Amino acid sequence: MKSKLTLWMFGWAALCQMGYAMDRSHTIQSPDGRVHVDFLLEEGRPFYSVRLGNEVLLEKSPLGIKRSDADFTGQLTLQRFSRTEKVSEKYTMPHGKQSRIAYRANRRTATLANPQGQLIQIVFQVSNDGLAFRYHFPEPSGLKVSVEAEQTGFAFPSGTVSWLHPMHDAKTGWEKTQPSYEAHYEIEKPVGLPSPYSAGWVFPALFRVGQSGWVLLSETAVDENYCGCRLAQHSDGGIYRIAFPQAAEHRGPQDPIAPSAVIPFSTPWRLVIVGRDLGAIVESTLATDVAEPSKVKDVSFVRPGRAAWSWLRYDTEGTKLPYLQEYLEMAGRLGWEYMLVDADWDRLVGYEKIAELSQQARQKGVELILWYNSNGEWNTAPMTPKNRMHLPQVRREEFARLRQMGIRGIKVDFFGGDKQATMQLYQDILRDAAEYQLLANFHGATLPRGWQRTWPNLVTTEAVMGMEYCTFDQRNTDRQAQHSCVLPFTRNVVAPMDFTPVVMSRRIRGVQRRTTPAFEMALPVIFESGIQHFGLAPFEAEALPDFALEYFKAVPTCWDQTRFVSGYPAKEVVLARRKGKQWFVAGINGETAAKTLTLDLSFLPKNFQGVLITDSAQPDQLESRTVSAADVRKLTISMPPQGGVVLYSKPR
Ligand code: CA
């Protein structure tokens, strides 16, 4: 009997090695054993599925890719399914939601061949917070090939609901600057509905699978080898598929849609972040865990901080010298590290006077950041300086000049596309900026896909419908509170986000703000951005009580730890973040009804002494009181409609 079994097992192993009997599933488990990813080859076509415990979060989902010289979508045979390899890595981030990160995952690789004998590998890495997977072309052929299409998809069980951000079609919007990831999310819609635009949906995309768990889809480690991808417009049957950019994006037809690279190469990591609760999503670092490690050796110049910014309230008028002087004064008084000088500074102030301003700023401990138009050709935005960022020689000359002027950073606006050529431009700007020790902030831009780790001088990026949109249109202002309660669960999970928060007066430009003062106070903690550009105007700061100014002096922009406390997308959110020994807990109410929450903040230190800032019963007024460790085990907070709350460790 024993020998028969041994013989049978030997035979089975031999069959497997010969590549027969392979149409069966293979599983990759997370280190804690809770996340299971099953790989399946069915009639030559590859699939995967994702479970969390016993709950199915992704059903049988398609894999496969079509190269210009090879089809890997069907008729595949499994050559090898590697044994589990343990991945363990520690890294630090100079800014972000968490400073010291340990990534642990289990990796298994499926090696598949098509009928021509060409090889593809699908690499699965499963960590406790989800799955990262990518295609790899291992053959050392040195051939340059393009990727024509992907089959890659995400099949959600019925009953799944979604929070999705539509992707605008190319060359639409203000001065043809779309796509720039500036839209409202569609709130809690059933899966399967099409995007309003043929361009589809942007990453990241949030899903709640019944009562089973949460899924956030995104991608990372996109560099000059590939295009930025999105989810396709149609998701029939709840299957969302990877799609490529549109032909008209960026420079239009002169740049191909299909990315190309020299074999061997890997495609970007696709991320399926999972959790039983929203904390697992909010606290996940998967987007940087599998990003390329830092390419900047000396990151000592990467100093996160707060920035004053006159443009939000005064538009281009704010770039005139008297406004800049006033904002600089405020930045100095609050101990902020930066001031951003926005569009048209070259015409309204000029290089020489900006250099003088930079010297004055440094005497106050403030450094300047200057705005640029990425180029004037692929959009019709008239703001200057332009045509200084897209040609290597010109860009590097400009960077050298900025360093001489004592400038610390650049904000580059209006990219409008996700093609491989645009991804290349982002990498080139970051590489050159790092060489000249300049910080970078992209606006009118794509989602940074892990770049904040690879290029830590990328301190933030817009890729969000930010505060500026609220100042453009009352309809956006009316939705500010709700929108702000979606972003911590979506956009801001995977990368720093330049929303440009904090407006204290009721009116700004032509609109009426709907949020309360404490809501605005909470945003610098709720929104993570390596440099936080405040909308706060000097006259607003003048009118604030001392305790509010103390808070603006104290609030950091980078964190050692982030904890989700409570909340639900588009309804409310409470987050706790720690910098050193100081904790900041902030809550915002996204709805138009008052709310009372009872929070368990017993994770705060035993000797905690805090300042609680809330909305006053008097309209547009703030209140503060001190809170001790005994109070925080069961802290009841009340937030008025579209109101907020801040609790932070008392400055010592
Ligand atoms: Ca913008």
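Axes here are lines fitted to C-alpha atoms, for helices over the stretch in contact, and angles run from 0 to 180 degrees between N-to-C directions. Helices are DSSP runs of H or I with at least four residues, strands are E runs of at least two, and both are numbered from the N terminus. We're working with a predicted model, where local features need pLDDT of at least 70, side-chain atom pairs count only at pLDDT 80 or more, and totals for chains, interfaces and linings use all residues. Residues are numbered from 1 along each chain as its sequence is written, and side-chain values use heavy atoms, with hydrogens and water left out.

**Exercise 1.** Work out how α15 packs on α17.

*Step 1.* Take α15 (residues 517-526) and α17 (residues 546-554): their axes lie 11 Å apart at an angle of about 15°.

*Step 2.* Angles under 35 degrees count as roughly parallel, so α15 is roughly parallel to α17.

*Step 3.* Now look at who touches whom, with contact meaning heavy atoms within 4.5 Å. From α15 come Met 521, Ala 522, Pro 524 and Val 525; α17 brings Ala 548, Tyr 551 and Phe 552.

*Step 4.* Sort them by class: seven are nonpolar (Ala, Val, Leu, Ile, Met, Phe, Trp, Tyr, Cys or Pro), with no polar and no charged residues.

**Exercise 2.** Decide how enclosed α9 is.

*Step 1.* Helix α9 (residues 420-435) reaches 23 Å from its first C-alpha to its last.

*Step 2.* Count the buried residues (under 20% relative accessible area, 1.4 Å probe, protein chains only). That gives 12 of 16, so α9 is largely enclosed by the rest of the structure.

*Step 3.* Find the cover: it includes α8 (392-404) and β26 (409-413).

Methods
Parallel < 35°, antiparallel > 145°, perpendicular 65-115°, else oblique. Expected span 1.5 Å × (residues − 1). Buried < 20%, exposed > 50% of the residue type's maximum accessible area, 1.4 Å probe, protein only.
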